[in-house]
Amino acid sequence: MSKIDRIEVLMVDLVPKVKRTDAIQSFVSQETPIVRIYSDDGLVGTGYSYTIGNGGHAIVDLIARHLAPQIIGHDPEMIEEIWKKLFFHTHATAVGAITALALAAIDTALWDMRCRRANRPLYKEAGGAQRSVPLYTTEGGWLHIEPSELIEDALRAKEAGFGGSKIKVGRPPQEDVKRLTAVRDALGADFEIMVDGNQGASVDEAIRRARLYEPLDLGWYEEPLPAEDLDGHQRLSASTTLPIAVGESIYHPSHFREYLQRRACSIVQVDVARVGGITPWLKVAHLAETFNVAVSPHFLMELHVSLCSAVPNGRWVEYIPQLDGLTHTGMMIRNGRAVPSEEPGLGIDWDWDAIKKQTSEGTHIIVR
């Protein structure tokens with residue numbers, strides 16, 4: 001039996017490639033905690049998570065001080081056991097974002113090691129359901145972007161074979177309708193358009209907006225309300241023909257169960273980092289499948305391509321490139337579809353020289 005003999009924790013702060021704005025915030029920084037787990041038989045597994053602008057140092061500190069010491073000497077193949085042990089060790093700070101993001105960095109590292117030990121890529125080790133997944137782009141749909149630029153970006157995506165484009169909403173309702181109508185008229189009916197409210201609306205406003213959006217035949221209305229408003233999402237879902245998408249701001253599988261049981265959503269956007277790693281991500285995906293609900297996860301395309309390919313209900317991968325400066329090769333795209341790596345592990349080809357140069361001061365810690 002192999003054992004974990006040391007854990008390396010560090011953080012890189014990445015600047016977004018384009019200006020990113022939505023209904024409630026501006027995305028100006030991606031703090032990226034990275035964990036490397038070493039076993040006594042020579043294998044190394046690498047995992048990571050992220051924040052939007054702040055909280056990264058808290059995640060690094062939580063891992064280094066409280067989580068990593070708990071699993072030194074443990075069998076790294078006992079992933080479920082480790083996840084549960086760490087979750088209950090931090091029970092006073094769960095369920096929540098910082099704890100979930102810290103758990104995810106460790107859990108993804110353990111899965112990377114498992115796949116490398118098995119000499120299989122993640123998408124096969126975790127299920128092996130499909131060999132590619134359709135892509136939609138978000139990078140050209142931010143809230144500050146005007147209709148002509150929205151159209152140009154969507155046309156480029158369509159020409160590249162992408163199946164859809166997501167546009168942020170949160171301007172006055174008729175202004176958002178004007179922006180969306182311009183894109184629909186330019187792109188035609190065979191191109192999917194999704195909208196994202198980023199939790200910015202009240203229930204009555206979301207119901208009104210959904211009625212205005214319905215004639216545009218949208219792929220979904222994403223995060224229309226604060227994620228904690230389960231009742232509001234149930235009311236909204238019952239009032240509209242638009243698919244309602246939630247998940248990027250939900251931090252435990254049980255909360256997805258509540259949404260699905262109450263028919264408060266029809267698209268699940270479970271984020272592997274924010275839900276606590278691959279272990280709970282797969283549980284959510286399979287749970288959604290039992291409700292005949294598709295999974296279209298939020299962000300982290302470099303990791304979600306393999307997870308969506310692992311499950312039969314993985315419908316879309318969101319195209320937002322962010323790890324290019326930390327990797328030798330990017331995610332493979334073929335005919336507008338995301339293709340998972342066949343290499344053993346998570347399928348992310350890390351550039352450790354670049355990571356070393358960009359590591360934030362005071363965040364490189366070794367736990368033995």
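Modeller: Helix 3 makes the greatest contribution to the lining of the largest pocket, with 3 residues; helices (H or I, at least four residues) and strands (E, at least two) are DSSP runs numbered from the N terminus. The model is predicted, so local features need pLDDT of at least 70 and side-chain atom pairs pLDDT 80 or more, whereas totals for chains, interfaces and linings use all residues. Residues are numbered from 1 along each chain as its sequence is written, and side-chain values use heavy atoms, with hydrogens and water left out.

Helix 3 spans 97–118, and both this helix and strand 7 (164–168) supply at least two residues of the lining of the largest pocket. That lining comprises 30 residues, and those nearest the pocket centre are Gln25, Tyr50, Ile52, Glu248 and Arg274. (A pocket is an open set of points on a 1 Å grid where a 1.4 Å probe fits, with protein on both sides within 12 Å along at least five of seven lines; lining residues have an atom within 4 Å of a point.) In the largest pocket, 11 lining residues are nonpolar, 9 polar and 10 charged, with Asp, Glu, Lys and Arg counted as charged and Gly among the polar residues.

Helix 11 (301–310) and strand 14 (327–329) are the elements giving two or more residues to its lining. The largest share, 3 residues, comes from helix 11. By class, the lining of the second largest pocket has 8 nonpolar, 6 polar and 5 charged residues.

As for the sheet, 4 strands in the order 5-4-1-18 form an open, antiparallel arrangement, two strands counting as paired if DSSP finds at least two bridges between them. Strand 5 (44–48) and strand 18 (365–367) are its edges, each pairing on one side only. Strand 4 (residues 30–39) joins strand 5 through 5 bridges in the antiparallel sense; Ile34 has Tyr48 of strand 5 as its bridge partner. Helix 1 (residues 56–71) packs on the sheet and touches strand 1 (4–14), strand 4 and strand 18, contact meaning heavy atoms within 4.5 Å. The direction of helix 1 makes about 175° with that of strand 1, where axes are lines fitted to C-alpha atoms, for helices over the stretch in contact, and angles run from 0 to 180 degrees between N-to-C directions.
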